[in-house]
Amino acid sequence: WRRYVIHYLGPVEENAVLEQAAQLFDLDEFDEALGRVRSLQGETLPSSIRGRAMALEVMCLVGLERAEEAQDHLEKVMSEEGDDFAFVLAAGVGFSDLDECEQAELFLRNLTELDAESVLAWLNFGVCLMRMAEYDEAREAFTQCLDLEPDLAWAMLHRANCATTLGDPEAAAEDYRNYLVLEKEDGVAWMFLGAVENQLGDGKASDKAFTQAARLSDDPIDVYFNWSLSAFARDDDSRVRDCLQRIDEIDADDYRGLILRAELLAREGEIWPAWEQYEAVLDLVLEDEREDAVDFVVSGMLVFVSRNGLEEKLDGIADTIHSHELYSDLILQTLRLVTGEQLGSAANFHIVLGEPASAPVDYYVYEVCAATIQSAATLATEFHARRTGNEPVLVLAQPISDPEEGLSGIIWASEPLDERPTESDLESM
């Protein structure tokens with residue numbers, strides 16, 4: 001559902017210079033992007049353009065390591081424009097679209113205080129919170145939207161997605177059904193409904209929703225694959241085979257169909273042929289360089305070895321992860337699920353490691369869940385040594401959350417950094 005998590009500005013006014021600056025920013029051409037943004041100064045521009053320009057200017061300054069200047073500029077502009085609803089909305093959405101979600105959250109939360117009766121304010125605030133994985137609060141924001149405008153389809157859909165993520169299929173199904181009364185042609189939403197109906201134990205309703213999804217979706221293979229996962233969950237191998245047949249009719253070489261073949265072999269007790277099928281699928285997606293497919297296949301392989309007692313294969317998967325630098329959220333989360341330890345008291349830590357063997361020194365930041373700061377440093381050091389083949393030195397270790405139950409392991413890994421990160425750098429990561 002993450003493809004849906006987009007902001008809503010209402011009618012958007014275009015500005016060619018700002019679009020050029022945004023493109024330069026995406027290429028890390030911060031100096032040129034800053035020059036383009038500042039060329040707009042002195043022009044009479046609508047609030048929505050000024051807000052986006054301010055967000056982009058601030059982020060260009062941050063990219064140029066001029067954080068103090070960025071903060072001064074932000075405070076100055078907000079003292080002048082902070083009560084302009086359209087400006088604050090555009091700035092908040094601008095920060096969110098530049099992946100500066102904490103700054104975006106601050107602006108969009110302020111927006112709901114500027115006008116607590118604004119559906120646009122609550123909707124964008126909820127979208128920002130979803131991007132930050134704050135699903136409980138996002139759900140509340142979408143409820144505020146629906147209290148103000150009960151037939152707001154996007155708020156229904158987003159609230160359903162939050163409920164799904166929070167493990168509340170009953171609430172999710174109700175919102176998906178209501179959404180689909182208004183948006184009958186949304187094939188992806190029908191697929192989501194099929195999955196939650198299956199979780200609720202209603203196989204007939206699930207199959208009906210998936211049938212609609214397959215008819216409407218731009219990616220029917222994705223529908224049939226997800227349909228098969230629901231069928232697997234209720235031990236309906238006949239439905240799984242039907243889904244596989246339909247995938248083969250569309251594209252017999254699609255990696256999702258090949259994964260289904262592996263899982264069916266495993267269901268029949270053919271574990272090693274199933275594993276060989278997974279290895280063949282991995283070779284295929286690595287050759288095609290499809291990042292989303294690689295992430296999905298590697299995560300599936302991790303689950304497969306754990307479920308089928310093939311722990312001796314974990315080292316080989318780890319080699320693949322490190323040799324291809326596959327450090328997506330999905331892969332690291334699955335790696336923790338398979339190899340991590342459930343801890344009654346754990347915290348998240350930032351661990352900064354330096355690699356003195358490189359000249360100049362490269363720095364790496366890891367977010368780690370562990371029982372103690374010492375064990376977090378050990379986990380990061382071992383992971384890094386496997387990642388680069390070099391022994392790092394510990395530069396900094398600091399807690400970033402209070403103790404609670406958690407699953408040990410690496411949560412996030414940075415790219416190599418050519419300068420030692422400051423505490424403010426770590427706060428923004």
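These notebook entries follow what I looked up in one predicted model, from the whole chain down to single residues.

**Ground rules.** I noted that residues are numbered from 1 along each chain as its sequence is written, and that side-chain values use heavy atoms, with hydrogens and water left out. Because the model is predicted, local features need pLDDT of at least 70 and side-chain atom pairs count only at pLDDT 80 or more, while totals for chains, interfaces and linings use all residues.

**Whole chain.** I looked up the secondary structure and found 21 helices and five strands in the chain; helices (H or I, at least four residues) and strands (E, at least two) are DSSP runs, numbered from the N terminus. The radius of gyration of the chain is 24 Å, close to the 22 Å that the globule rule gives for 429 residues, so the chain is as compact as a globular protein of that length. I wrote beside this that the radius is taken over C-alpha atoms, and that the rule is 2.2 Å times the number of residues to the power 0.38. Along the principal axes, the C-alpha atoms of the chain fill a box of roughly 70 × 60 × 40 Å.

I then checked burial, and 49% of the 429 residues count as buried (under 20% relative accessible area, with exposed over 50% and partly exposed in between, using a 1.4 Å probe and protein chains only). For contacts (heavy atoms within 4.5 Å), I found that residues 24 or more positions apart account for 61% of those in the chain with a separation of 6 or more.

**Aromatic pairs.** My search of the whole structure gave eleven aromatic pairs. Rings of Phe, Tyr and Trp (its six-membered ring) pair if their centres lie within 6.5 Å, and planes under 30 degrees apart count as stacked, over 60 as edge-to-face and the rest as tilted.

Phe95 is buried at a relative accessible area of 0%, and Phe107 counts as buried at 4%.

I went on to Tyr278 and Phe304, which also form a tilted pair, at 5.1 Å centre to centre and 55 degrees between the planes. Here Tyr278 lies in helix H16 (residues 271–288) and Phe304 in helix H17 (residues 291–307), 26 residues apart. Tyr278 counts as buried at 3% relative accessibility, and Phe304 at 0%.

I also noted a cluster in which ring pairs link Phe210, Tyr224 and Trp227.

**Around helix H19.** Which residues of helix H19 (residues 329–339) are buried? I found Ile331, Leu332, Thr334, Leu335 and Arg336. Their cover includes H17, helix H18 (314–323) and strand E2 (362–370), among other elements.

Ile321 lies in helix H18 and counts as buried at 1% relative accessibility. Leaving aside its neighbours within four places in sequence, Ile321 is in contact with residues including Val298, Leu302, Ile331 and Leu335. I also compared C-alpha positions: those of Ile321 and Leu332, eleven residues apart along the chain, are separated by 9.5 Å.

**A buried Glu.** Is Glu57 buried or exposed? Glu57, which has its place in helix H3 (residues 47–63), is buried, with a relative accessible area of 5%. Leaving aside its neighbours within four places in sequence, I found Glu57 in contact with Leu34, Val37, Arg38, Gln41 and His73.
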